[in-house]
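Please open the structure in your viewer and keep the selection tool at hand.

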Amino acid sequence: MKRNNITIRSFLPWLLFLLALTARLLPGARTIDDSYITFRYARNILAGQGFVYNPGQTVLGTTTPLYTFVMVVLGSVTGGVDAPFPLLSMGFNALADALTCILLWQIGKKLKEELAGAAAAFVWAVAPYSVTFAIGGLETSLYVLLLTAAFYAFLSHRATPSALFASLALVTRP
């Protein structure tokens with residue numbers, strides 16, 4: 001009996017990870033209008049126009065600077081200005097949410113409530129709003145991952161990584 005319990009526990013994080021990925025990749029990208037603002041900034045950076053919405057007008061109009069730079073990095077290796085940003089954001093968000101599930105499970109373990117952590121991870125993996133934001137191309141998945149990582153690092157008594165993740169969350173969604 002104990003052997004089966006160990007086996008289930010060893011596969012649990014992978015199952016949660018795969019569930020989150022599947023819940024986001026199965027419906028495909030359903031990009032919403034706000035995401036295209038970030039994609040336009042990324043395209044302009046890749047085109048050498050700078051961090052601008054309209055070339056020649058240096059006005060900050062994005063609410064998610066770090067996520068814009070993530071799209072720039074991903075775009076630079078997948079087509080430059082012609083990169084498939086809706087697909088890139090969906091894939092990146094699916095991965096971020098899957099990693100969040102692992103962290104939620106780890107937080108439960110750290111608090112000696114592994115089942116509660118697994119339940120939280122399951123809920124995050126399939127929650128309609130978390131899936132909607134992820135496939136919509138928004139920065140929510142990165143933001144939640146960074147906040148969750150900051151909390152996990154805090155629980156692990158690792159102040160510097162905790163501060164770093166919290167700071168990155170601020171740059172993701174000021």
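Is the crossing of helix 3 and helix 4 left-handed or right-handed? In this predicted model, helix 3 crosses helix 4 in the right-handed sense.

**First stop: helix 3 and helix 4**

Select residues 65-76 for helix 3 and residues 85-110 for helix 4. The two pack at an angle of about 110°, and their axes lie 10 Å apart. Angles of 65 to 115 degrees count as roughly perpendicular, and helix 3 and helix 4 are therefore roughly perpendicular to each other.

Next, display the side of helix 3 that carries Tyr 67, Val 70, Met 71, Leu 74 and Gly 75; these residues meet Phe 85, Leu 88, Ser 89, Phe 92 and Asn 93 of helix 4. Coloured by class, this contact of helix 3 with helix 4 shows seven nonpolar residues, three polar residues and no charged ones.

**Second stop: helix 7 and helix 8**

To inspect the contact, select Leu 142, Tyr 143, Leu 146, Leu 147, Ala 149, Ala 150, Ala 153 and Phe 154 in helix 7. By class, the contact of helix 7 with helix 8 comprises 13 nonpolar and two polar residues, with no charged residues.

Technical notes:
Residues are numbered from 1 along each chain as its sequence is written. This is a predicted model: local features need pLDDT of at least 70, side-chain atom pairs count only at pLDDT 80 or more; totals for chains, interfaces and linings use all residues. Side-chain values use heavy atoms; hydrogens and water are left out. Axes are lines fitted to C-alpha atoms, for helices over the stretch in contact, and angles run from 0 to 180 degrees between N-to-C directions. Helices (H or I, at least four residues) and strands (E, at least two) are DSSP runs, numbered from the N terminus. Angles under 35 degrees count as roughly parallel, over 145 as roughly antiparallel, 65 to 115 as roughly perpendicular and the rest as oblique. A crossing is left-handed if the near helix is turned anticlockwise from the far one by less than a right angle, and right-handed if clockwise. Contact means heavy atoms within 4.5 Å. Ala, Val, Leu, Ile, Met, Phe, Trp, Tyr, Cys and Pro count as nonpolar, Asp, Glu, Lys and Arg as charged, and the others, Gly among them, as polar.
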